[in-house]
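Visitor: Can you walk me through a few spots in this one?
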Amino acid sequence: MGVLEGKVAIITGAARGQGEATARLFVENGARVAITDMNEEGVRQVAASLGEAAIGLKHNVTDEGEWGEVVAATLAAFGKIDVLVNNAGVFVNGAVDQVTVADMQRAFSINVLGAFIGIQAVLPHLAPGSSIVNIGSASGLMGMADMLPYATSKWAMRGMTRSAARDLAPRQIRVNAVLPGVVDTPMVRNDDMPDFVERMGKPIPLGRPADAIEIARVSLFLASDASSFMVGADVVVDGGNRC
């Protein structure tokens, strides 16, 4: 039996990359998953490849109404919700004298507000022992040049995680954060910064960026009962970059 046997999870941003890796790992470990993404074709293809253990839904995480639809669809398909993984995110880069108000709003609306709406949407359906996993970033632990919108939003994600953890711990609902360093995913490896993964990976003590599955394994741990006494934790997964 897998460590998530019998559990039901919602995983956002799961059409590719880290979210897809997390969805596949959860199913391998016994979970049933509702996976969501703005990329409807992609998320439905991933869900189809996982069989009856998954449903794929188009989903804008900044829309309260769509969150309600995701929760309703998950309950209709699987009967309950035990785990929420707030993985959906957007990488908005730029220095303080370059970024616009629109850049900051975009980063916050997806990386912070989307996770907040998700927590509120699932909360009425979470039983004691449930787990919320927020995917932050190691950039939320330090100043980052040329990454102001993204890094600022990930600092905010840490604050929200800890405050929510305090609020929900008395209800036996755990909230924790995973803070990856450089991960080789399509979101990071894009046309705007074609050499970013290699450039940022070189200084890492392990000498390379993370693979998506290496981050997914930490989300698996936090979603499982193996982490039953972890509340409000920042789990840094950066290859030793902050040592």
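Guide: Below are some notes on a loop residue, a helix and a helix pair.
Guide: This is a predicted model, where local features need pLDDT of at least 70, side-chain atom pairs count only at pLDDT 80 or more, and totals for chains, interfaces and linings use all residues. Residues are numbered from 1 along each chain as its sequence is written, and side-chain values use heavy atoms, with hydrogens and water left out.

Visitor: Where does Asn 29 lie?
Guide: Asn 29 is in the loop between α1 (17-28) and β2 (32-37); helices (H or I, at least four residues) and strands (E, at least two) are DSSP runs, numbered from the N terminus.

Visitor: Is Asn 29 buried or exposed?
Guide: Asn 29 has a relative accessible area of 15%, so it counts as buried (under 20% relative accessible area; exposed is over 50%, partly exposed in between, with a 1.4 Å probe and protein chains only).

Visitor: What is it in contact with?
Guide: Leaving aside neighbours within four places in sequence, Asn 29 is in contact (heavy atoms within 4.5 Å) with Gly 2, Val 3, Leu 4, Glu 5 and Leu 220.

Visitor: Switching topic, what covers the buried residues of α5?
Guide: The cover includes α4 (101-122), β5 (126-135), β6 (174-180) and β7 (234-237). Among the buried residues of α5 are Tyr 150, Lys 154, Arg 158 and Leu 168.

Visitor: And which residues make the contact of α3 with α4?
Guide: α3 (residues 64-78) passes α4 in a right-handed crossing (the near helix is turned clockwise from the far one by less than a right angle). Glu 64, Trp 67 and Val 71 of α3 meet Gly 114, Ile 117, Gly 118, Ala 121 and Val 122 of α4.
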